[in-house]
Every structure is written in structure tokens, then in C-alpha cells.
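Trainee: I have a chain open and would like to go through it. Can we take it piece by piece?

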Amino acid sequence: MILRTSLRPAFRQTSQLAASSIANIFSQPQSIRHTPASYRLLSTATRAAIDKAIEAKPVVLFMKGTPETPQCGFSRASIQILGLQGVDPNKFAAFNVLEDEELRQGLKEYSDWPTIPQLYLQKEFVGGCDILMSMHQNGELAKVLEKNDVLVPAEAPKEP
């Protein structure tokens, strides 16, 4: 079963807007670097909650709905692609952005990507459904997932 985690309490906390310096922004790894504008708009609590969500599992999908009941075609397609690729459910987490508007809008600022769903692999932003579909079709997604050891292990052949 695919893990579904709710971060609603973390996103409901009130906090002051981040006051980060340019030096702090550029000291971060490329995968989580943000523009100065995103620091002004994204609250510290929301940023921390998204960071925590992305660290939850090696494969993280922010989607509309849940894996069992996707609420849009793009989220459904993303789940189907990950299933077809054989992503290990123990290494996968999905977050429903429809449960919290701050999460939904904050995620767009966090990744600098305007659409949902959004896929993260080993804390790195991969892309939305269009990128996922393209990578699936050209075989690149299978290679990346295998390289990151997030697929269900193949069963060893049984000896008679």
C-alpha cells in the first residue's frame, strides 16, 4: 500500500516571513536553492514542512488527491507511471495538496514550478507530469529510478 502522509498541522502554523540573506540562499545545495523572491513569499514554517516532506521517503509525489483516489488526470497519470515503473511502496510517499492551500501555493514557490503534481527523487525536484511522461517514454525514468534503488526488488528465480 502506498503511504499517504498528512502535513496539515505543520502547514497551519503561523510564522513570520523568512528574512534570509543572499549569502544564505546561495550556500544551499542546488536542489533546494530558491530565488530571493521566493524567500519573501514563502513562510519559514511552510518551507520547513515541505523540506520535511521531501525528506520523508526517497520518492515523494505532491499530487491532487491520493494515490488511491487521484483528483485530476495528471495526478492519476503520475501515479500510473510510477506504478508501471515498479516504484517500491516502502520508498514512496504522496501528499495531497488539496488538503491545504498554503501547501499547494507554497510548493509552487518552493520548486519554482507552476503545476501540480510534482515529483521529487532523493530530495531533488524531477518535474511535473509532462516531464515524468517524457522520461517514462524515452526510458530515462527507468534508469534514474534503478540508479537510485527505489524499485521493488526483483524476485530471485525459485529452484525446483
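Mentor: We can go from the overall layout to helix contacts, then to single residues and loops.

Trainee: Before that, what kind of model is it, and how are residues numbered?

Mentor: It is a predicted model, in which local features need pLDDT of at least 70 and side-chain atom pairs count only at pLDDT 80 or more, while totals for chains, interfaces and linings use all residues. Residues are numbered from 1 along each chain as its sequence is written, and side-chain values use heavy atoms, with hydrogens and water left out.

Trainee: How many helices and strands are there in the protein chain?

Mentor: The protein chain has eight helices and five strands. Helices (H or I, at least four residues) and strands (E, at least two) are DSSP runs, numbered from the N terminus. Along the sequence the pattern reads β-α-α-α-α-β-α-β-α-β-β-α-α.

Trainee: And how much of the protein chain is buried?

Mentor: Of its 160 residues, 39% count as buried. Buried means under 20% relative accessible area, exposed over 50%, and partly exposed in between (1.4 Å probe, protein chains only).

Trainee: What share of the contacts comes from residues 24 or more positions apart?

Mentor: They account for 69% of the contacts with a separation of 6 or more. Contact here means heavy atoms within 4.5 Å.

Trainee: On to helix packing. At what angle do H4 and H6 pack?

Mentor: H4 (residues 44-54) and H6 (residues 101-111) pack at about 80 degrees, with their axes 10 Å apart. That makes H4 roughly perpendicular to H6. Angles under 35 degrees count as roughly parallel, over 145 as roughly antiparallel, 65 to 115 as roughly perpendicular and the rest as oblique. The axes are lines fitted to C-alpha atoms, for helices over the stretch in contact, and angles run from 0 to 180 degrees between N-to-C directions.

Trainee: Which residues meet there?

Mentor: From H4 they are Thr-46, Arg-47, Ile-50, Asp-51 and Ile-54, and from H6 Glu-102, Leu-103, Gly-106, Leu-107 and Tyr-110. The residues of this contact of H4 with H6 divide into five nonpolar, two polar and three charged. In that count, Ala, Val, Leu, Ile, Met, Phe, Trp, Tyr, Cys and Pro are nonpolar, Asp, Glu, Lys and Arg are charged, and the others, Gly among them, are polar.

Trainee: Which residues of H6 are buried?

Mentor: Leu-103, Gly-106, Leu-107, Tyr-110 and Ser-111. They cover an arc of only 115 degrees around the axis, which puts them on the same side of H6. The arc is that of the directions from the helix axis to the C-beta atoms.

Trainee: What does Ser-111 touch?

Mentor: Not counting residues up to four places away in sequence, Ser-111 touches Gln-118, Tyr-120 and Phe-125. Ser-111 counts as buried because its relative accessibility is 14%.

Trainee: What happens at the start of H6?

Mentor: A side-chain oxygen of Asp-100 reaches to within 2.8 Å of the backbone nitrogen of Glu-102. The side chain of Glu-102 is also joined to that of Ser-43 by a polar contact of 3.2 Å. A polar contact is a pair of N or O atoms within 3.5 Å; within protein, one must be able to donate a hydrogen and the other to accept it, and residues adjacent in sequence count only if both atoms are side-chain atoms.

Trainee: Where does Ser-43 lie?

Mentor: In the loop between helix H3 (36-41) and H4. Ser-43 is buried, with a relative accessible area of 10%.

Trainee: Back to H6. What comes just after the helix?

Mentor: Asp-112, with a positive phi of about 60 degrees. In the loop between H6 and strand S4 (118-121) sits Pro-117, and the peptide bond from Ile-116 to Pro-117 is cis, with omega near 15 degrees.

Trainee: Which residues is Leu-61 in contact with?

Mentor: Leaving aside neighbours within four places in sequence, Leu-61 contacts Pro-117, Gln-118 and Leu-119, among others including Phe-92 and Phe-95. Leu-61 lies in strand S2 (residues 59-63) and counts as buried, at 1% relative accessibility.

Trainee: And the loop between S4 and S5, where is Gln-122 in terms of phi?

Mentor: Gln-122 has a positive phi of about 50 degrees although it is not a glycine. At 35% relative accessibility, Gln-122 counts as partly exposed. Lys-123, in that loop too, has phi near 70 degrees and is partly exposed at 45%.
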